[in-house]
Amino acid sequence: MVDLSIEIAGMELKNPVMVASGTFGYGREYAEFFDLSRLGAVMVKGVSSEPWTGNPVPRIVETPSGMLNAIGLQNPGVDYFLEVDLPWLRGFDTRIIVNIIGRSVEEYADVAARLSAAGGIDALEINISCPNIKEGGIQFGSDPRAAARVVEAVKRATHLPVIPKLSPNVTDIAQMARAVEDAGADAISLVNTFLGMAIDIRRRKPVLANVFGGLSGPAIRPLAVRMVWQVYEAVRVPLIGMGGIMDGADAAEFVLAGARAVAVGTANFIRPTAALDVLAGLERYVEETGLSYAELIGAAHPRRTARQEPTRPEANQ
Amino acid sequence: MAETFVTAVVAQRPVAAGHYELIAAHHPALDAVQPGQFINVRVARPGSWDPLLRRPFSLYRRFANGDWSIVYRVVGRGTEALARLRPGDDIDVLGPLGRGFVKVPEARRLLLVGGGVGVPPLLFLAQTWQGQAEMKALLGFAEAGLAFGWTEFAALGIEAEVATDDGSLGHRGFVTDLLENQLNRNEWDGLYACGPRPMLEAVARIACRAGVPCQLAFEEAMGCGVGACLSCVLPVRTEGGVQYQRVCREGPVFWAEEVYGHG
């Protein structure tokens, strides 16, 4: 079996396949289908300082090769997570990355501090990119200075690796990536969902109660791959790539574009074991290339600078 | 315990205008399905991700050889794709999912109220609980051409009364007229319903007034079907106040008063 173990932001991962925040709850539902210890990491659903109720229904609508969601970050709050879900998740031999959400810089820092004090968490992913809430979320994700402020505040509040999750709803994703890297990000997740909407032409009204939703699934994959490519050329920190990954070949695209790890999201909804299928497919792909996994990271880039993969001996400098 | 599995389509037959019964081959994963539970069916061709999401269906009936069926109405791309399946084709199923109807042990006389494509879980209930209680079915449809299921109830020895909005079959009016009539005339100690939301709300109100315990099976736009995505939520009265619960996980069956309160 080919070795896909990899280090990212100081974490040793047994493999680079994670499950994306918001598509996997806190793990319980899918633990009925497979052993979560087989995953490189679980990125749990966004946690806020107090419980959030989320948006009215309809919260989801299918679109061509994709879906729009507007859940509104419904979650039971950080206390409940620490008391109920985290102890249970710790029973698995996988990395636990907790996605944090807030309506203000202070809320992000507060959640980060409370999670860090608990122990048993491997990293924090900062959701500065949710398109489905009125305040916070995306506003931090579309202004580089606001994004940097959140990252700095979270960095001060925690000793854990900090991984901002970028919104794709920006003109210049590389600029956002540089801003959060300069603010101290240890790695970067990209991308969150694309803002979209669907209209019920019979009712002549938006389908989603929230009007707008976040587009995910295979429909967004080329957009996400492009953004990983651009960010790989702009920053040094490792990237976690996601956006419509359905199988190992899709994951390989992200790796070749520059992702050091990948996350499976919407595919979980269609096949509960999708992440394992992605892992098996990626293993087969790496084996077929005859290269090591590390050698494949960013390998599609025609010219690689020393800042990205400094250890790669055969880099064509 | 839910699992994903592939089985074969055995047959498709029209049951009403634009409505088809899809019969699929026995699979042990579905041997213990409870009435009101559902399955999530992939409608895209193998290897295709369009249409992307699975579609939830209640079982309609089980055959002596273990084969089982669903009924669907062709309303969009997903059900159009289902309608293209032919005998021998694979069908990819995730299930059984959700919490089904509860059989109250002391309940002896059950009324089953179904509206449109909400009828199937009630036929499956009638088949599963046959002999355990006396049952009567009340079925509502927009018009005669869209009506189905009453002969299947009759085959189980269960009388089915039909109402249509336009009177083209059975009672002219709503199925809730039949329900009020039954509750006025006879003693019933359990009410089970599935159908459009306004029908469920009316059934809940009538049941509450009559003091008959009532369970309702809900439908909501769904993503994963297993409780992870939080798409299909419903405001439910709990000890901690009104909270969103997941139709796919805590439901699809809820007690009427949990959703609509007491009257």
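Two residues are in contact here when heavy atoms lie within 4.5 Å. By that rule, the contact between the two chains takes 28 residues from chain B and 33 residues from chain A. The model is predicted: local features need pLDDT of at least 70, side-chain atom pairs count only at pLDDT 80 or more, and totals for chains, interfaces and linings use all residues. Residues are numbered from 1 along each chain as its sequence is written, chains are lettered from A and ligands numbered from 1 in the order in which they are written, and side-chain values use heavy atoms, with hydrogens and water left out.

**The interface of chain B and chain A**

- Together the chains bury about 2,500 Å², of which 63% is on carbon and sulfur atoms; buried area is the accessible area (1.4 Å probe) that two parts lose on being put together, summed over both.
- B:Trp49, B:Leu52 and B:Tyr244 supply 26% of the area that chain B buries against chain A, more than any other three residues.
- There are 3 salt bridges between the chains, a salt bridge being a side-chain nitrogen of Lys or Arg within 4 Å of a carboxyl oxygen of Asp or Glu.
- B:Arg249 forms a salt bridge with A:Glu32, and their closest N and O atoms are 2.4 Å apart.
- Strand E1 (3–16) and strand E15 (241–246) of chain B are the elements that give two or more residues to the side of chain B that touches chain A; strands (E, at least two residues) and helices (H or I, at least four) are DSSP runs, numbered from the N terminus.

**A sheet in chain B**

- In chain B, 7 strands form an open sheet with antiparallel pairing, in the order E4-E3-E7-E1-E2-E6-E5; two strands pair if DSSP finds at least two bridges between them.
- Strand E4 (55–58) and strand E5 (61–62) of chain B stand at the edges with a single partner strand each, so one side of each has no neighbour in the sheet.
- Strand E3 (residues 38–41) and strand E7 (residues 90–97) of chain B run antiparallel and are joined by 3 bridges.
- B:Phe38 has B:Leu97 in E7(B) as its bridge partner.

**Helix H6 of chain A**

- Helix H6 (residues 173–182) of chain A is mostly covered, with 7 of its 10 residues buried, where buried means under 20% relative accessible area (1.4 Å probe, protein chains only).
- Among the buried residues of H6(A) are A:Ile173, A:Met176 and A:Val180.
- A:Asp172 caps the N-terminal end of H6(A), with a side-chain oxygen 3.1 Å from the backbone nitrogen of A:Ala174.

Technical notes: Buried means under 20% relative accessible area, exposed over 50%, partly exposed in between (1.4 Å probe, protein chains only). A polar contact is a pair of N or O atoms within 3.5 Å; within protein, one must be able to donate a hydrogen and the other to accept it, and residues adjacent in sequence count only if both atoms are side-chain atoms.
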